[in-house]
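The following briefing concerns the structure shown below.

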Amino acid sequence: MLLKKLLTKYGPGIGITFIAIAIVTLLKAAGLFDLLSYQILDFSFKVRGPLSGWAARTGVTADSLDVVLVDVDDESFRLVPETWPYPRGIVWNRVIENLTNAGAKVIVFDIQFDSRDQYTQNVLNIYKGNPPENYNDGDRLLAEAVRYAESQGTDVIMAATMKREPTRVPPQMIVTPNQYIMSVQPEYGLVDVPEDPDGFSRQYAVFWSMEHEPTAWYLTLALKSVKDFKNLPDSVSISYNPETNHFEYGDIEIPSYGSFKQTFLVNFYGPSSKATYPHLDKAWSTFNRYPLSNVVDTEDYDLKMEDTDWMSLFDSTSSFNQMMLMVDENYEIPESPFKDKICIIGASVEVLHDYKKTPFFTYGGDPVLLPGFEFHANAIQEILDENFIRVFGSTLEFTSDSALTQIALIVFVGLLTYIFLTAFHPLVGGVLIIVEILVYLSLSIGLFTADVLWLLKFLLSAILPDSFVQNAEWLVINTPKTGGSLVVPVIAPVATILLTYGGNVIYKFLVEQKDKRFLRKAFGAYISPELIDMMHENHQQPKLGGEAAICTPYFTDIQGFSTFSEMLSAEELVTLLNEYLTEMTNILLDEKGTLDKYEGDAIIAFFGAPVRLEDHAERAVRTAIRMQNRLSELREKWKAEGDRWPEIVHIMQMRIGISSGEIVTGNMGSAGRMNYTMMGDPVNTAARLESSAKQYGVYTQISHHTAKLLSQEFALRELGTTRVKGKQEALQTFEVLGFTRDLTDDDQKLLEIWPQALEATRQQRWNDAIKLFQEAEKFERQFEGRNSNPCQTYLNDRIPVWQENPPGDEWDGVWVLTSK
């Protein structure tokens, strides 16, 4: 209706605008803009530039960061005498001890030690599991090094990963260092990194969980590193705050990102520390990076060549420093670059293939991948600095968290574009659209870089001479403060601008008049006024099809109606039926029921469609009670009319069957003529309940599917469990006695004795059951025209059959109805 009013007042342009908005929203929801959104984010990083490095505009250098890289690089491969994988009892234990002695606060491994030390395993294989007594086990020596580090106040964190093995039960598992290393109980963190669909890594997981343990959160390497660096107690745990959409870890709040709500965007501090700055033969040095060969190079360990005892420079007990102190008593021992730092150890050597594509992939010109362990380093530093990236709407993707803000942004730019198109001349409007796109780009990316004039500076820098640009500080693009980067969606809003503009222009000049003629012609093609109204309201042609929903089908029928036909003339029958159906239908519609059809004297209806009703079952049962009460009033009216109606009309009764469940409602029929109706198993069940009510002598019978949806407002009597004719499912059925507030004393007595009789029947205590049913029958409702009741059904029809043919110990209590 709103769109109809807008079309009437403003013309089809607003309709096309909303269509463009809808199309862009659907494309966004389908994820078709995600790849471009990632690339815009990468571009934003390049516009902002690195946050650290010798040429970073922030002035921040690697020395001020808390993370240091220890790199298994090409130099280490060349100088370390042992071959890869390095022996743990010769190299890796030495790395831990040397870094500990150098004052490292936390030592982090992005190298896995899940299998047995290869050198140790080779010895075990040679000696068939019984090596010489004086042989040193590499894994045990590494474990001893970990114990030594812990004793000196240096924490060691090992790498673990989550693996999936399809043949394993459960298929997922956490792979930790082997049992010999774990014997000293080092901490470990998961090194698994999520990857975006384009193969780039932009997110970092706070934790991972396994499918069979969804509530068990295994923290990642960065989180464990931060914990030890900040001296958080072991008792601290991470939790998610849905109100702020943040993870809380000690005094740190990490903004959640992504549909799984377990990651955050990595605020990369720069390109790979090994990347060379354009036109200069110098590494970028986002983080201080030291080859592993330097860390193991002490006086008691010899490299293949270039053996400088580099680590001894920071050791006051080394012979070099002792000699220097003897020569010059004022000599100052160099401060260790590892002191009070997080030292993360990993490999950048190409043969190990541990690399990630990041937004700075091509920052230096040629593509440079980021070593995996430096990816962890960026995440660690980001958490320590709390330098998180905020996202407008929570995520770039279209998720439940971001849907509202994404749609609002799309609608805003779409309507703004429409205003430009309608308020100005088409040529001026076109220029304004271009300006709108440029301004939006400048603002959206400018909020990430903390410089909304970045586009102007970028364009001027491209136009003006290099000599001028190099001396113009005002052309330097700003960098954000800590936590000052905000990501705003770009692709969907720009697509909305373009699609709105293009759609309106094409519509105005090519198809507007043709579409108007088509609509006028199409209106006359419909034969049903109701369908024409639907088309007007929904702006779509009616079509065949239905919608599944939980509803309550409702069937009524007049008892013995064939006799009425024999005793009344056609005119009298029509008069009687019209009065009856009018009164019953008014009650049905008053309770918001939907009339499906009349079939002779029968009323077929349902509750809960097309308008959803939470209390559809209660409305159906309330309708049944009201109909029965109204029929009682009609009987009195017909009696008061004297001889106009025969006796059979004075005692007219109707039976009602009700069930609940999932049915399909909608337009069904042919393409030329259709009817709004219902289909489904609960429909058949309700019809069977109406027809089978006569076998109990009751007049309103419902299934347990409906009964369980009712409140205490209604008085029910369980009739038993039956399998109605035409159905395989055994149904527990109930008689509706009326509203609880209207029960008489006899009704109360009946409801007190009846369950005892039913329970005795189920326990096959036939004599007790007979006595109880006979007692209960005294309180059955008696009225003219009622030839049976549930007590008589059990006394005369069922118990004698069960006595003659005992059901057996495994009897399920089901009575099979053999007729409708």
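Accessible areas come from the Shrake-Rupley method with a 1.4 Å probe, and for residues only the protein chains shown count as cover. On that basis the protein chain exposes about 39900 Å², of which carbon and sulfur atoms supply 54%. This is a predicted model, in which local features need pLDDT of at least 70 and side-chain atom pairs count only at pLDDT 80 or more, while totals for chains, interfaces and linings use all residues. Residues are numbered from 1 along each chain as its sequence is written, and side-chain values use heavy atoms, with hydrogens and water left out.

**Overall form**

- The protein chain comprises 27 helices and 28 strands; helices (H or I, at least four residues) and strands (E, at least two) are DSSP runs, numbered from the N terminus.
- The radius of gyration is 41 Å, well over the 28 Å that the globule rule gives for 820 residues, so the chain is more spread out than a compact globule. This radius is taken over C-alpha atoms, and the globule rule is 2.2 Å times the number of residues to the power 0.38.
- The C-alpha trace spans about 135 × 85 × 45 Å along its principal axes.
- Of the 820 residues, 50% count as buried (buried means under 20% relative accessible area, exposed over 50%, and partly exposed in between, with a 1.4 Å probe and protein chains only).
- Contact means heavy atoms within 4.5 Å; among contacts between residues at least 6 apart in sequence, 68% join residues at least 24 apart.

**Nonpolar cores**

- A nonpolar core is a set of buried Ala, Val, Leu, Ile, Met, Phe, Trp, Tyr and Cys residues joined through side-chain atoms within 4.5 Å. The largest has 51 residues, and Ile254, Ile344 and Ile383 have the most contacts inside it.
- Helix 12 (residues 372-385) gives the most to this core, with seven residues.
- Leaving aside residues up to four places away in sequence, Ile344 touches residues including Val67, Leu69, Val108, Leu221, Phe373 and Ile380.
- A second, separate core of 40 residues includes Ala104, Val146, Tyr290 and Val295.

**Aromatic and charge-ring contacts**

- Rings of Phe, Tyr and Trp (its six-membered ring) pair if their centres lie within 6.5 Å; planes under 30 degrees apart count as stacked, over 60 as edge-to-face and the rest as tilted. The count by this rule is 40 aromatic pairs.
- Phe207 and Phe247 are edge-to-face because their ring centres are 5.7 Å apart and their planes stand at 75 degrees. Phe207 in strand 7 (residues 207-210) and Phe247 in strand 10 (residues 246-249) are 40 residues apart, so-called distant parts of the chain.
- Phe207 is buried, with a relative accessible area of 4%, and Phe247 is buried at 1%.
- Tyr290 and Trp310 form a tilted pair, 5.5 Å centre to centre with 40 degrees between the planes; both residues are buried.
- A charge sits over a ring if NZ of Lys or CZ of Arg is within 6 Å of the ring centre and within 35 degrees of the ring normal. Lys224 places its charged end over the ring of Tyr188, 5.4 Å from its centre, and Arg798 lies over the face of Tyr794, at 5.2 Å from the ring centre.

**Backbone features**

- Cis peptide bonds join Trp84 to Pro85, with omega about -5 degrees, and Val169 to Pro170, with omega about -10 degrees.
- His353 has a positive phi near 55 degrees and is exposed, with a relative accessible area of 66%.
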